Amino acid sequence: MSGSKNAMIWDVHAHLNSPRLAGDLAAVLARAQAAGVERIVNIGFDANSSAESVALAEKYDFIYAAVGVHPHDAAAAGSQTWDELRALARRPKVLAWGEIGLDYYRDLSPRETQRRVFIEQIELANEAGLPIIIHDRDAHGDILDIIRAHPPVHGGVFHSYSGSWEMAREVLSLGFYLSFSGPVTYRNARHAPEAAAKAPADRLLVETDCPYLPPEPHRGKRNEPAYTVLTAAKIAELRGVSLEEIAAVTTANVGRVFPRLNSAAGE
Ligand SMILES: [Zn+2]
């Protein structure tokens, strides 16, 4: 689909069905393609947004989907949610189960419920044969305890990674990938740039988490997939390599972390 000679870039974490992006989605997607962000993984956060995510992936050949319940929405999830997500997870363009995890910063669901729902979804991902996409905010210790006790057998991604390099080493030793977003470009960022500089090239991914977390110079405004290039360029600078190299290695990594891409649905 691309006439571009540059390596393509994947935005592995977007929320295109957000009302902040849905209004001018055609223009947003055109800017992404023009910038070289030729593939996007759209992420669910509850049953409805997961269904919307799959619908987007089935409408656009360059969009893929993940399905799952975010820790904010954990309290509302029940057996009907799991039935719906199980069915969605069988659709060929669904690459991962997520985003799932723990958020002890906003605490929008009780922590005990967040932990139970995280564990339930690791088991569902294992049954579905999918890797997971982890949301971890101020919950590093409990996230690590849970993934050690309930291993996600198909691995996965720590999305919008902003933890310490010490934590990153643990995450990497468990086989996970680190996905970096806008905050790696922030002048006052402490941990993310260090982890992005030191992580092995074969475990790096890039994302927007749009409409949230825009990279510089768009901080404070709406984020969109085209800006993945700015985050990738910052990672290239931190590592002393070219943007093309970051594009190439992160694209190769996508093919390993999301094995379903290599089946019939992949191209
Ligand atoms: Zn997200």
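A crossover is called right-handed if, with the strands pointing away from the viewer, the path from the first strand over the helix to the second runs clockwise; helices (H or I, at least four residues) and strands (E, at least two) are DSSP runs, numbered from the N terminus. The model is predicted, so that local features need pLDDT of at least 70 and side-chain atom pairs count only at pLDDT 80 or more, while totals for chains, interfaces and linings use all residues. Residues are numbered from 1 along each chain as its sequence is written.

**Exercise 1.** Determine which strands pair with β5, and the handedness of the unit that β5 makes with α6 and β6.

*Solution.* Two strands pair if DSSP finds at least two bridges between them. Strand β4 (residues 94-103) runs parallel to β5 and is joined to it by 6 bridges, with Gly-101 partnered by His-135 of β5. From β4 the chain crosses through helix α5 (residues 111-128) to β5, in a right-handed β-α-β crossover. Next, β5 pairs in the parallel sense with strand β6 (residues 156-158) over 3 bridges, where Ile-132 has Gly-156 as its bridge partner in β6. With helix α6 (residues 140-149) between them in the unit's β-α-β order, β5 and β6 make a right-handed unit.

**Exercise 2.** Decide whether Asn-17 is buried or exposed, and find where it lies.

*Solution.* A residue is buried if 20 or more other C-beta atoms, placed from the backbone, lie within 10 Å of its own, exposed if 12 or fewer, and partly exposed in between. Asn-17, in the loop between β1 (9-14) and α1 (19-22), has 20 other C-beta atoms within 10 Å and is therefore buried.
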